[in-house]
Amino acid sequence: MQKDCLNPYSVSKTAGEELCAMYYSLYGLETVSFRYFNVYGPEGEEHKGSQASPHYQFKRQAEETGVVKVFENSDQYRRDFVHVSQIVDTHIKFFDVPESGIWNVGTGTTQSFVDVARLYTTNLVEIPMPDVLRSNYQSYTCADVTKLNETLQKYTPR
């Protein structure tokens, strides 16, 4: 298993990918694994609490208080934010992909947390990052979607 897993979610994803690879090598069972980048949607993240997407949290804060709280230096934190509708579209397209493998699903571009917050209000307040987040906080994620795009091009009707 990969040694660079930062949290239980990444451990579970990596273990699942390794299990799929094993089934393919042992039994020829084709499997598809997706690595989702920072997925967000219009609703339905209430149950995630503080782990809800920045889009959800910032929108809620702007609607409830008119102010969005961002961590200090949030202009330096960049992520690949992908809307849930793109995830669904990718899944549908993969019904016609007769390949096994692992694909990144994201946009291939990044936005800073400040950019996301400004989608909902210009009234931003910087707050210190909690100590509990500092050591494992990812400052940058961006999906390399080259393989995804090549695969979909190969199997998309023209």
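Trainee: Which element gives the most to the lining of the largest pocket?
Mentor: That's α1, with five residues. Keep in mind that this is a predicted model. Other elements that supply at least two lining residues include β1, β2 and α2.

Trainee: Okay, and how much space lies in that pocket?
Mentor: About 1800 Å³. Its lining has 40 residues, and among the closest to the centre are Asn 7, Arg 79 and Gln 138.

Trainee: What classes of residue are in the lining?
Mentor: You'll find 18 nonpolar, 14 polar and eight charged ones.

Trainee: Switching topic: how many aromatic pairs does the structure hold?
Mentor: Nine. Take Phe 71 and Tyr 137, an edge-to-face pair at 6.0 Å centre to centre, with 80° between the planes. Phe 71 is in strand β3 and Tyr 137 is in the loop between α5 and α6, so the pair ties together parts 66 residues apart in sequence.

Trainee: Is Phe 71 buried or exposed?
Mentor: Buried, because its relative accessibility is 19% and the cut-off is under 20%. Tyr 137, at 22%, counts as partly exposed.

Trainee: Which other ring pairs with Tyr 137?
Mentor: Tyr 77 does: the ring centres are 5.1 Å apart and the planes are at 70°, so that pair is edge-to-face too. Ring pairs link Phe 71, Tyr 77, Phe 81, Phe 113 and Tyr 137 into a cluster.

Trainee: And what charged end sits over the ring of Tyr 137?
Mentor: The one of Arg 79, 5.1 Å from the ring centre. Likewise, the charged end of Lys 147 sits over the ring of Trp 103, 4.6 Å from its centre.

Definitions and conventions. Residues are numbered from 1 along each chain as its sequence is written. This is a predicted model: local features need pLDDT of at least 70, side-chain atom pairs count only at pLDDT 80 or more; totals for chains, interfaces and linings use all residues. Side-chain values use heavy atoms; hydrogens and water are left out. On a 1 Å grid over the protein atoms alone, a cavity is a set of points where a 1.4 Å probe fits but cannot get out, and a pocket is an open set with protein on both sides within 12 Å along at least five of seven lines; lining residues have an atom within 4 Å of a point. Grid points are joined across faces, edges and corners, and a volume is the space filled by probe spheres set on the points. Helices (H or I, at least four residues) and strands (E, at least two) are DSSP runs, numbered from the N terminus. Ala, Val, Leu, Ile, Met, Phe, Trp, Tyr, Cys and Pro count as nonpolar, Asp, Glu, Lys and Arg as charged, and the others, Gly among them, as polar. Rings of Phe, Tyr and Trp (its six-membered ring) pair if their centres lie within 6.5 Å; planes under 30 degrees apart count as stacked, over 60 as edge-to-face and the rest as tilted. Buried means under 20% relative accessible area, exposed over 50%, partly exposed in between (1.4 Å probe, protein chains only). A charge sits over a ring if NZ of Lys or CZ of Arg is within 6 Å of the ring centre and within 35 degrees of the ring normal.
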